[in-house]
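Please read the points with the model open.

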Amino acid sequence: MKTPPLSLAARLVVWCWRHGGLVAVLTLALVVPAGWLAVTRLSLDTDQTRMIADRLPYGQAEQRFDRAFPQTMDRLVAVVEGATPEQSEAAAQALVHRLAGSDLFLSVGRPPSELFFRDNGLLFLPERQLEDLADRLIRAQPVLGGLAADPSLRGLLGVVSLMLMGVERGEASIADLEPVLAALAKTGDSVLAGRPRPLSWQSLIVGREGELRRFVITRPRLDDAQIIPGDDASRAIRKAAEGLDARVRLTGPVALSDDNFRTVAEGVSMTSVLSLSLVCALLLLAQGSLRLASAVLLTLLAGLAVTSAFAALAVGVQNPISVVFVALFVGLAVNFGIQFAVRFRDDLFRQCNAERAMAQCAPAITRPLTVVAAATAIGFLSFVPTDYVGMAQLGLIAGVGMVIGLAATLTLLPALLALVPPPPEQVSPGFSRLGPVEQRLRRHGTIVLVAMIVLALASAVMAPRLAFDFDPLHLQDPSAESVATLRDLADSSDTNPYVINVVAPSLAQADAMAGRLQGGPVASAQTLSSFIPERQAEKLAILDDLNQLIGESLYPAFPSPPPTAAETRRAMAQAASRLGTHPLANTLRALLDRGRTEQFERAVTAGLPGLLAMLRAGLAVEEITPASLPPDLVRDWMGTGGEARVEVHPSGDLSGKGQMAAFVASVQAVAPDVSGLPVAIVQGSAMVVDAFLQAGLYALVAVLLLLAVVLRRVGETLLVLAPLALGGLFTVAAMVALGVAVNLANIIAFPLLLGIGVAYNVYFVLNWRAGMGPLLPSATARAVLFSALTTGVAFGALALSPHGGTASMGLVLMMSLVLMVLTSFVMLPAAFAVMERWRRRP
C-alpha cells in the first residue's frame with residue numbers, strides 16, 4: 001500500500017529532526033537579538049483610561065475638558081488628616097511651605113475652593129445658623145478675649161478662674177463653663193493615658209465638628225525616563241511630611257498610576273516566576289524524562305523571547321492587561337510541546353526506533369497542532385478589531401504568540417529531540433487506569449448526556465444573575481495607598497470623586513444648565529456662580545454686629561508675654577483649687593503630679609492660633625462679587641478659551657445596580673457632552689460589552705469555518721462545540737456562585753475559551769475519527785490532561801497577583817479551564833458511545 005505524501009508541515013518537522021544542529025544554531029541567532037529587543041524596547045503604561053479607544057465620544061469629551069482646564073491633569077494629591085481641623089490646617093500649610101520652590105513640581109498649593117471657603121465660609125451659612133453661631137461667640141467672648149491676650153494654658157486657666165469667681169458670687173452659672181471644663185478634662189485624660197488628643201477649639205466654640213481633611217495639590221515634573229515617573233515627587237512629599245502632626249496620604253492620577261505600575265510589575269514578576277516553576281515541574285511529570293522536559297521548556301522559552309520581541313515592535317508600550325501575555329503564552333504554548341512530546345513518546349514505544357517514531361509522529365501531530373494553534377489564536381485575535389484597546393493589544397500579542405509557539409514546536413523541538421534523544425519507552429505513556437472509567441461512561445452514555453443537559457439548564461437559570469463591574473478602580477490593589485485613600489474620599493459627599501464635568505460655552509449657559517440639572521439623581525450642580533453667596537447684605541449685617549461686640553477683644557492692645565513653666569503650674573494649681581470636686585480638678589492635679597504639664601499645654605493650645613485666625617478672617621469678610629473672586633479659583637472654573645465648567649455631584653451612593661447609569665443619563669439629558677469617572681464607567685462598560693459581543697461573534701464564525709474545513713462533518717463539529725458550550729455555562733454558574741463579577745480584565749476569558757475548548761476537543765474527535773481506540777487511557781488524554789494542568793497553574797499563578805484585574809482574569813480562566821476539561825473528559829466518551837450505537841443501527 002502506497003504511503004500518502006507528507007504535508008508541508010510534516011516535511012518541515014522531519015527536516016528539522018535531520019538537521020537539528022543547524023536549526024539550533026539558527027534559533028539561537030534569532031532568540032538572542034529578540035530577547036535584547038524585548039528587554040530594551042518593552043515598557044508599561046498603567047493609565048487605565050488609555051485602555052479604551054480615545055475616539056469614542058466620552059474620550060473626546062475628556063480631551064476637550066483637559067484642554068480647557070490643563071491644571072487638572074497629572075495631579076499628585078496629598079490628603080492631610082489630623083486629629084482636629086486646626087491640626088489638619090496647620091499641617092497642610094506647613095507641607096505647602098516645605099514643598100514650595102522644589103524643582104520636582106510644576107506647582108504646589110492648596111485647592112483654591114478650600115482656601116476660599118476657609119476665609120468666607122460664614123457667608124455661606126443659612127441666616128438662622130449664622131445667628132446661632134453669633135450668639136455662641138458672644139457668650140464665649142470672655143474666653144475668646146482672654147485667649148487672644150494670652151493664648152496659653154496660663155491665659156485659658158486664668159479666664160476659667162475668673163469665671164469661677166463669678167459663679168461663686170452668683171454672677172454666672174457653672175453650666176456656661178461646663179463645655180470648656182469637659183473638653184479640658186477629656187484632653188487631660190488623653191495625655192494621662194499616653195495618647196494625647198489635641199483640643200479642637202473650632203468644634204468647642206463653633207459648636208460643630210469641622211472637616212478633618214485638607215488637601216495639597218501638586219503637579220509633579222514627571223520623569224518619563226524613570227520606570228515610575230512620579231516616584232521622585234512622591235518621595236519628596238513623604239520626606240516633607242515627616243514630623244507633621246497629621247497623617248499624609250497620596251492619591252490622584254499620578255499616585256494611582258504609579259501604584260498600579262508597582263502592583264502590575266510585582267504581579268508580573270511573581271506570576272511569571274511561579275507559573276514557569278510550576279510548568280517545569282509538570283513538564284517533568286508529564287514527560288517522565290528530564291531530556292524531553294528540557295527540550296519542551298527550551299522551545300517554550302525561545303518562543304516567548306520571539307513573542308516578546310514582536311510585542312516590542314508591534315506595541316512597544318503595554319497596558320495593565322496586555323502585560324500578562326507572558327503568563328498566557330507560557331500556559332498555552334506549552335500545550336503544543338506537551339502534545340508533540342507525548343505523541344512522540346507513544347510512537348517511540350510502538351516503533352522502538354527514534355527515526356521511525358518521528359516519521360510517524362510528524363504527519364499525525366502537525367494537523368491537530370495546527371488546528372489547535374489556529375483556534376487559540378482566533379480567540380485572542382478576535383479582540384483586535386474592537387475599541388477595547390487594552391484587550392486588543394493583548395489579543396494581538398498573544399494571538400501572534402500562538403503562531404510563534406506553533407512554529408517553535410514544529411522546528412526547534414524536533415531538532416532538540418534529535419540532538420538529545422530521549423531514552424527508549426518501556427511502557428505506553430497513556431493512562432491505562434482510566435480504562436474502566438471510560439467503560440462505565442460509554443455503558444451509561446445516554447444517562448450521562450441527560451445529566452449534562454440538566455446541569456446545563458440549571459446553569460442557564462443562574463446566568464442572568466451574573467454581575468458586571470466595569471469600574472477601573474476595582475482592577476487595582478485595594479490595599480495600595482492611593483486606591484484606599486480614594487475610596488475613603490468616595491465615602492464623603494464633599495470629596496466624592498464620582499462627579500461629572502460639563503463644559504459650557506459661557507458662564508451664563510453653565511448657570512442655566514446647572515439649574516436644569518438639580519433634582520433626582522443629582523445632588524448639586526456647581527459653577528463659578530456657586531461661589532457668590534445668597535442674601536449677603538443680611539449676613540454681613542449679622543457679622544458687622546458681631547464684630548462690634550467681640551471684634552476688639554480679638555485684637556488686644558497689650559498681649560501678655562509667654563508664661564514660664566512655673567507660672568503655668570501655678571495657674572493649674574489655682575484652677576484645680578477653685579474647681580473643687582469637678583472632674584477637671586482631679587485631672588489637673590494628676591497632670592501636675594506626673595509632670596505632664598508641657599504635653600497638656602501643647603494639646604490644649606495647638607489649635608488656638610488657627611481658631612483666632614479663623615474668627616478674625618470671618619469677621620473681616622466683605623461682599624463677594626464675580627470681580628472679587630480669587631484668580632486661582634476663577635481658573636478652576638473658567639477655561640482657557642472662556643469655557644465655563646459645571647461640576648455635577650450625585651445625590652447618593654452609586655454602587656447600587658443602575659444608579660450610576662441613571663445619574664449619567666440624567667446629566668446627559670441636559671448636557672450630552674460630558675466627562676468624568678461615572679461617564680467613563682457607564683459608557684466604557686457599554687463599549688466593553690459591545691467589544692465582547694463583537695469578539696465573540698468573530699471568534700465563533702472563524703472557529704466554525706476552521707472546523708468546517710478540518711472536520712467537514714456536522715456531527716463531529718457538534719461534538720467539538722457541545723462540551724465547549726456546556727463548559728461556558730458551567731463557568732458562568734461558578735462565577736455567580738462565587739460572587740465573581742465580569743470586569744474589564746476577565747471578560748477576555750469568554751472568547752478565549754472558544755479557542756482553548758476547541759483545541760482540547762479537536763484532539764479527541766480526530767483520534768476517534770481515526771479509530772485510535774479508547775479515549776481516556778490514550779496518550780492523547782495524558783497530553784490533554786497535562787496540557788490543561790500546565791495551563792491551569794499558569795492561570796492560577798495569575799490569580800495570586802496583587803493586581804485585581806490580573807487576579808480576576810487568572811481566576812476566571814482557571815475555573816473555565818478546569819470545567820471545560822472535566823466536561824470534555826466526561827461528555828465525549830459518552831457521546832462517542834451514543835453515536836457509535838446510533839451508526840450501527842439498521
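1. Two strands count as paired if DSSP finds at least two bridges between them. Strands (E, at least two residues) and helices (H or I, at least four) are DSSP runs, numbered from the N terminus. The open sheet has four strands in the order β3-β4-β2-β5, with antiparallel pairing.

2. This is a predicted model: local features need pLDDT of at least 70, side-chain atom pairs count only at pLDDT 80 or more, and totals for chains, interfaces and linings use all residues. Residues are numbered from 1 along each chain as its sequence is written, and side-chain values use heavy atoms, without hydrogens and water.

3. β3 (105-109) and β5 (247-251) are the edge strands. Each has a single partner strand, so one side of each lacks a neighbour in the sheet. From one strand to the next, the twist averages 20°.

4. Inside the order, β2 (residues 76-81) pairs with β4 (residues 213-220) over six bridges, in the antiparallel sense. A78 stands opposite V216 in β4.

5. Helix α8 (residues 153-168) packs on helix α9 (residues 174-192) at about 150°, with axes 10 Å apart. Axes are lines fitted to C-alpha atoms, for helices over the stretch in contact; angles run from 0 to 180 degrees between N-to-C directions. α8 is therefore roughly antiparallel to α9 (angles over 145 degrees).

6. Contact means heavy atoms within 4.5 Å. α8 contributes L156, L157, V160, M163, L164 and V167; α9 contributes I174, L177, L181 and L184.

How values were computed. Parallel < 35°, antiparallel > 145°, perpendicular 65-115°, else oblique.
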